[in-house]
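Have the sequence and the 3D view ready.

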Amino acid sequence: MDLFISLQSFAQVIESGSFARAAGRLNISTTAISKHVADLEAHLDVRLLNRTTRKLSLTDSGQAFYERCTQLLHDWDETEQELAGAAERPRGTLRLTTSIHFGVREIAPAVADFSRHYPELKFDVQLSDRIVDLVEEGFDLAIRIGHSGSDNLVARRLGEIRLVPCASPEYLKLHGTPATPSDLVRHNCLTYEYSVPRTQWRLFDAQGQEQSVAVSGNMHSNNAELLAEVAARAGGIIFHPEFIVSDYLQSGRLIRILPDCIGPALPIYAVYPSRKHLSAKVRLFIGVLATRFTAEP
């Protein structure tokens, strides 16, 4: 069994909608592509496709595998491009957008390091917590947390961060420390515009069981740093990404609460308009970010 051609065949069948069209695109027979998919199912010992005379549909296992399969094929394609263009130097201007605090805290050091290695490249970095339309506004790349955005864009997962519930020592002294997630309903919880959903906080106990709590409070904002500063001044409880609150936690202005629970993991994505003809500047910078976020979770 040729695992690589089987993966290609499976992905092409899904993307083209039929075995015959997939065979035409890969320039092999319909019988051959059907055998490749069947071999893949036998190798995995799971049914990936539901087949009828009129249509094909993915099983639940097939859907999960298809997502991984396309990422594997994409990574292979990028690796081939990187090897083929190892001597290629990124030039021109890389237009990049990301959220405000993540840009300052995490992207700025990566840009500085990259610029030292490739001084010919210029950066145009726009920071905004809204979801920017890359095509409409002419951006090469976006770094997004939690949601990659439009299905028409290509998203590469770079790493993940977690949400951390915390409050100031003064707030906890005045109002008490929550012992369980359900206790949050009795506290002043500050909500952030770009959390989805904004007023439903999800935590997981040591056994991985989810506890979802409807929260409310006297403040809502589209700026996470502002909410963190209010919380640090005894203004309430926040549920923020760890990169935003790490300095507050280290200084003691905020304290982690509910230590037996963890917040959900939010993926970090590099998002760009198309994987075809990906420029060296975008490809190499994404590689730098992937290495950075893997080495420094």
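Which residues touch the most other members of the largest nonpolar core? They're Leu-141, Ile-143, Leu-158, Ile-238 and Phe-285, out of 39 residues in that core. Keep in mind that this is a predicted model, where local features need pLDDT of at least 70, side-chain atom pairs count only at pLDDT 80 or more, and totals for chains, interfaces and linings use all residues. Residues are numbered from 1 along each chain as its sequence is written, and side-chain values use heavy atoms, with hydrogens and water left out.

**The cores**
- A nonpolar core is a set of buried Ala, Val, Leu, Ile, Met, Phe, Trp, Tyr and Cys residues joined through side-chain atoms within 4.5 Å; buried means under 20% relative accessible area, exposed over 50%, and partly exposed in between (1.4 Å probe, protein chains only).
- Helices (H or I, at least four residues) and strands (E, at least two) are DSSP runs, numbered from the N terminus.
- There's also a second, separate core of 16 residues, including Val-13 and Leu-49.

**Helix H5**
- Glu-106 lies in helix H5 and is buried, with a relative accessible area of 17%.
- Skipping neighbours within four places in sequence, Glu-106 is in contact (heavy atoms within 4.5 Å) with Phe-243, Arg-292 and Phe-293.
- Glu-106 and Arg-292 are 186 residues apart in sequence, yet 9.3 Å apart in space, C-alpha to C-alpha.
- Ile-100 is in helix H5 too, but Ile-100 is partly exposed, with a relative accessible area of 35%.
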